[in-house]
Each structure stands twice: as structure tokens, then as C-alpha cells.
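Trainee: I would like to go through this model with you. Can we take the labels one by one and check each against its cut-off?

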Amino acid sequence: MISDKLRDQSIGFTQEIKALLNCTIASHVQIKAVALQMGDDRLFTLGHLLDKRTLTAQRFPLKPRAPKVELWMDVSFQLRLDAEREHLMVHKSFVGVFGSKDAKHGLFHYDYERDKADGYPDAHLQVYGESALFSALNDPKRDAGRSLAQLHFPVGGKRFRPCLEDVIEFLVVERIVDHKDGYEKVLESGRERFRRNQLMAAMRRDPVTVDTFIERYRTADMA
């Protein structure tokens, strides 16, 4: 049975993501959470109108500033507890922007997969675009047909990867989508919460550095 701690923290995270999206660049987003068993681990999968059978999240529409253009966002998370079974941890996440509800190619997507096994960075960005220089750099014997969208740009790794707030800010400040009034405060609050959680996780995993920091500043205060 799914632990109360995992369920309660996952539901809280679900409400945070729902409020973040609906208070900034989207409307009527309904983030749902579904529990599942994966080997010996227990997880929650989150997404807009998540299908319980396929565990597939639906995309939701944004309002692009350009007229007569569609823009859809795809957001999903897999959550589980950390090794100590105390703190909520993102196992996987996906944030992408596409030109239609079912398009395979779009503008970009951010992926995060903890301990990714295929050699690519755990946290990475892929951009749908063209580059004559990159095409010229491809090895014709090995890389023929490889596109810019297949490049995995590292973005901060496990601990310092971008958050959903960063993606939303990009879409707004680059004048790609319309936004709600007061969106800045919503983003800053969510981003501060994310960074604080990441900092706390980094401190738990590296107590030697924490002790060194405390000792250094204790010595400085005594000087």
C-alpha cells in the first residue's frame, strides 16, 4: 500500500503545479496523480487529465501572442520518496511546448530522468531547430541525418536543473505567450521553494561541506 507520507506529499505537489500553471500562463489545468508500483518502489505519476490506464498526461493549450497559432504544453512528473523514505523526490519529469495537441515535434522540451542509463545527462534540454553548422559537423558515416533536436544539452544535473517556473518565465519574457496579472510573484514564490528544497537535499547528501561551511563562518565571526 502506498505510504501516507508519499501520498500526502505527492498530492501537495500536485496542487502546487496546478496553481502555478493556472496563475501564470494557462487556464483550467487539472493535474491528477496516479499511484503505481515499479519493481520494489512506489511512485506517483502526475499530469494534466492523466489517463489511469496508460499513465499518459494530456497537453493543455497556452495563449500565444502571435495570432492564429496554436501552442500546447506537456507537463508530467514521477515522484517517489528518497532513500530514507522521508522526503519527496522527482524521479522523472518532462516539460515541452508543441504546436498542436498531438505534434511529435515542437519548440523544445526539458527532460529529467534520475540516474539515466543511456549515457545522456540526467537533466537536459532538446531544441527543435536547424543548424547548417551542426549538419556540417556530423560524421557522414555515423551521424547522417542527425538533427539539432537530437542533441541533449546538459542543464544543471540532478540538483541544479531548471524548474517549471524557469520554463514559464522564458515563454513570457520572450513574448511567446500571454500571461496572467501578478505572474511574477507566483513564479518567484515557487522558484524560491524549489531552490530551498534543492539546497536542503544537497546539504543532506554532503554533510562534510556543510560542516566546513559552518566552521569557516564560526571562525570568521570569532576573528
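Trainee: Why is Leu-49 called partly exposed?

Mentor: Keep in mind that this is a predicted model. Leu-49 has a relative accessible area of 28%. Buried means under 20%, and exposed means over 50%. The value of 28% falls in between, so Leu-49 is partly exposed.

Trainee: Where is Leu-49 found, and what is its phi?

Mentor: Leu-49 sits in the loop between strand E2 (41-48) and strand E3 (60-61). Its phi is near 45°, a positive value in a residue other than glycine.

Trainee: What makes His-28 count as exposed?

Mentor: Its relative accessibility is 71%. The cut-off for exposed is over 50%, so His-28 counts as exposed. His-28 belongs to the loop between H1 and strand E1 (31-38). It is not a glycine, yet its phi is positive, about 60°.

Trainee: How do you know that Val-186 counts as partly exposed?

Mentor: Val-186 has 27% relative accessibility. Buried needs under 20% and exposed needs over 50%, so Val-186 counts as partly exposed.

Trainee: Which residues does Val-186 touch, leaving aside those up to four places away in sequence?

Mentor: Leu-20, Cys-23 and Thr-24. A contact requires heavy atoms within 4.5 Å. Val-186 itself lies in helix H5 (residues 183-205).

Trainee: How far apart are the C-alpha atoms of Val-186 and Leu-49?

Mentor: They are separated by 23 Å, and the two residues are 137 residues apart along the chain.

Trainee: Now the largest pocket. What does H5 give to its lining?

Mentor: H5 gives the most, with 9 residues. The lining has 36 residues, and Phe-13, Val-90, Phe-194, Asn-197 and Gln-198 lie nearest the pocket's centre. Other elements that each supply at least two residues include helix H1 (4-22), strand E5 (88-98) and helix H4 (164-173).

Trainee: How much space lies in that pocket?

Mentor: About 850 Å³.

Trainee: And the whole protein: how many helices and strands are there?

Mentor: There are 6 helices and 8 strands. From the N terminus on, the order is α-β-β-β-β-β-β-β-α-β-α-α-α-α.

Trainee: What share of the residues is buried?

Mentor: Of the 223 residues, 39% are buried. The protein exposes about 13,800 Å², with carbon and sulfur atoms supplying 54% of it.

Trainee: What about the charges: how far apart are their mean positions?

Mentor: They are 3 Å apart, for 35 positive and 33 negative charges.

Methods. Residues numbered from 1 in each chain as written. Predicted model: local features only at pLDDT ≥ 70, side-chain atom pairs only at ≥ 80, totals over all residues. Heavy atoms only, no water. Helix = DSSP H or I, 4+ residues; strand = E, 2+ residues; numbered from the N terminus. Buried < 20%, exposed > 50% of the residue type's maximum accessible area, 1.4 Å probe, protein only. Areas by Shrake-Rupley, 256 points an atom, 1.4 Å probe, with all protein chains shown as cover. Lys, Arg positive; Asp, Glu negative; His and termini not counted. Charge placed at Lys NZ, Arg CZ, Asp CG, Glu CD. 1 Å grid on protein atoms, 1.4 Å probe; cavity = no way out; pocket = protein on both sides within 12 Å on 5 of 7 lines; lining within 4 Å. Points joined across faces, edges and corners; volume = space filled by probe spheres on them.
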